[in-house]
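Reader: Hi! Could you walk me through this protein? I'm new to reading structures.
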Amino acid sequence: MQKSKITSNIEDYLEAIYRIELKRGVVRVKEISQALGVTYPSTSGILKKMEKMDLVEHERYGYVKLTESGGEIARDIVRREDVMNSLLQTLLKLPIDKATDIACKMEHFLDHETTVRLELLMEFAHNGGSRSFLSRFHSYLDEKMTEPESAE
């Protein structure tokens with residue numbers, strides 16, 4: 001399975017299936033539709049395409065299950081989104097709702113190397129002597145975010 005063929009729309013479906021599977025153990029088409037806010041026919045159409053790509057298994061009127069490759073991709077998607085969400089909330093102090101929304105959009109553009117580097121940045125910011133770094137940055141951020149914008 002080539003990653004380049006997987007659109008951000010398909011990534012959203014993989015993530016939804018993965019999260020539902022973790023929560024409930026089994027996944028129905030209706031649950032995917034509800035999670036993504038799309039119609040049942042749209043979901044059925046995408047699932048057929050995903051079956052051809054060997055990302056899911058789905059029998060008509062049956063459960064949806066990620067294949068091994070679909071599960072691997074879904075776990076990577078969730079990892080990228082979680083890293084971005086953590087970075088946006090912890091380092092940049094964005095509110096949870098805003099950070100979650102932005103992370104969902106940004107994760108589609110992250111590659112493996114960038115994700116690893118962001119994880120290392122988060123690790124650095126949280127460990128050892130870097131506490132002073134994070135504390136100083138937050139003070140700086142608070143100061144700059146409360147300054148009135150200069151007139152142009």
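Author: Happy to! The largest nonpolar core has 22 residues, and Leu14, Ile17, Ile32, Leu47, Met50, Leu55 and Val64 touch the most other members. A nonpolar core is a set of buried Ala, Val, Leu, Ile, Met, Phe, Trp, Tyr and Cys residues joined through side-chain atoms within 4.5 Å. Buried means under 20% relative accessible area, exposed over 50%, and partly exposed in between (1.4 Å probe, protein chains only).

Reader: Which elements give two or more residues to this core?
Author: Those are α1, α2, α3, β2 and α4 (68–91), and α1 gives the most, with six residues. Helices (H or I, at least four residues) and strands (E, at least two) are DSSP runs, numbered from the N terminus.

Reader: What lies apart from it?
Author: Another core of twelve residues, with Leu91, Ala99, Met122 and Leu134 among them.

Reader: Before we go on, where does the model come from?
Author: It is a predicted model, where local features need pLDDT of at least 70 and side-chain atom pairs count only at pLDDT 80 or more, while totals for chains, interfaces and linings use all residues. Residues are numbered from 1 along each chain as its sequence is written, and side-chain values use heavy atoms, with hydrogens and water left out.

Reader: Thanks! Back to Val64: what does Val64 touch?
Author: Not counting residues up to four places away in sequence, Val64 touches Ile17, Glu21, Val27, Val29, Ile32, Leu47, Val56, Glu57 and His58. Contact means heavy atoms within 4.5 Å.

Reader: And α2, which of its residues are buried?
Author: Val29, Glu31, Ile32 and Ser33 are buried in α2. The buried residues of α2 pack against α1 (8–24), α3 (40–52), β1 (56–58) and β2 (64–66).

Reader: Why does Ser33 count as buried?
Author: Because Ser33 has 6% relative accessibility. Ser33 sits in helix α2 (residues 29–36), and its contacts, not counting residues up to four places away in sequence, are Val38, Thr39, Tyr40 and Thr43.

Reader: New topic: which phi does Tyr61 have?
Author: Phi of Tyr61 is near 65 degrees, a positive value in a residue other than glycine. Tyr61 is in the loop between β1 and β2, and Tyr61 is exposed, with a relative accessible area of 70%.

Reader: What about Asp54, where is that found?
Author: Asp54 is in the loop between α3 and β1. Its phi is also positive, near 60 degrees, and Asp54 counts as partly exposed at 47% relative accessibility.
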